[in-house]
Amino acid sequence: MIINGLATSSILNSEPKIITDLIEKGALGASVSGNGPSIAAVTKKENETTIKKVFSTLEGHVIVSKINNKKAEVHEV
């Protein structure tokens, strides 16, 4: 995730510093989502506030969600 984030931000002429900042502040992983501009980070609960502060320096808003370990299901209509 980290390598992908750094590579993708470089390819998209985006600043990869946000990825390294997130990792330095305790994110387990961080990356650019798709072609950007969304950025995703995974962290433990105890680092959530710190990670949100890093994101607060950017435009947009932060969405916090929990991990879902349920198996995917397909429902036919």
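In what order do the elements of the chain run from the N terminus on? They run α-α-β-β-α, and in total the chain has three helices and two strands, where helices (H or I, at least four residues) and strands (E, at least two) are DSSP runs numbered from the N terminus.

This is a predicted model, in which local features need pLDDT of at least 70 and side-chain atom pairs count only at pLDDT 80 or more, while totals for chains, interfaces and linings use all residues. Residues are numbered from 1 along each chain as its sequence is written, and side-chain values use heavy atoms, with hydrogens and water left out. The pLDDT, which is the predictor's confidence in each residue from 0 to 100, averages 87 over the chain, and 97% of the residues score at least 70. Confidence is lowest in helix H1 (residues 2–11), with a mean of 80, and highest in helix H3 (residues 48–55), with a mean of 94.

**Overall dimensions and surface**

The C-alpha trace spans about 45 × 30 × 25 Å along its principal axes. The accessible surface, computed by the Shrake-Rupley method with a 1.4 Å probe and, for residues, with only the protein chains shown as cover, comes to about 6,300 Å², of which 54% belongs to carbon and sulfur atoms. Of the 77 residues in the chain, 19% are buried; buried means under 20% relative accessible area, exposed means over 50%, and partly exposed lies in between (1.4 Å probe, protein chains only).

A nonpolar core is a set of buried Ala, Val, Leu, Ile, Met, Phe, Trp, Tyr and Cys residues joined through side-chain atoms within 4.5 Å. The largest one has eight residues, namely Ile18, Ile19, Leu22, Ala27, Ala30, Ile51, Val54 and Phe55, and the elements that give two or more residues to this core are helix H2 (17–24) and H3. Leaving aside residues up to four places away in sequence, Ala27 touches Leu22, Ala41, Val42, Thr43 and Ile51, a contact being heavy atoms within 4.5 Å.

Met1 lies in the segment before H1 and is partly exposed, with a relative accessible area of 47%.

Met1 is also among the residues that Ala40 touches, together with Gly29, Ala30 and Ser31, again not counting residues up to four places away in sequence. Ala40 has its place in strand E2 (residues 39–42) and counts as partly exposed, at 33% relative accessibility.

**Salt bridges**

A search of the whole structure finds two salt bridges, each defined as a side-chain nitrogen of Lys or Arg within 4 Å of a carboxyl oxygen of Asp or Glu.

| Salt bridge | N to O distance |
|---|---|
| Asp21 and Lys17 | 2.9 Å |
| Lys45 and Glu48 | 3.2 Å |

Asp21 and Lys17 both lie in helix H2, four residues apart, about one turn of the helix, and Lys17 is partly exposed, with a relative accessible area of 45%. In the other pair, Lys45 is exposed, with a relative accessible area of 64%, whereas Glu48 counts as buried because its relative accessibility is 19%. Glu48 lies in helix H3 and touches Thr43 and Val64, not counting residues up to four places away in sequence.
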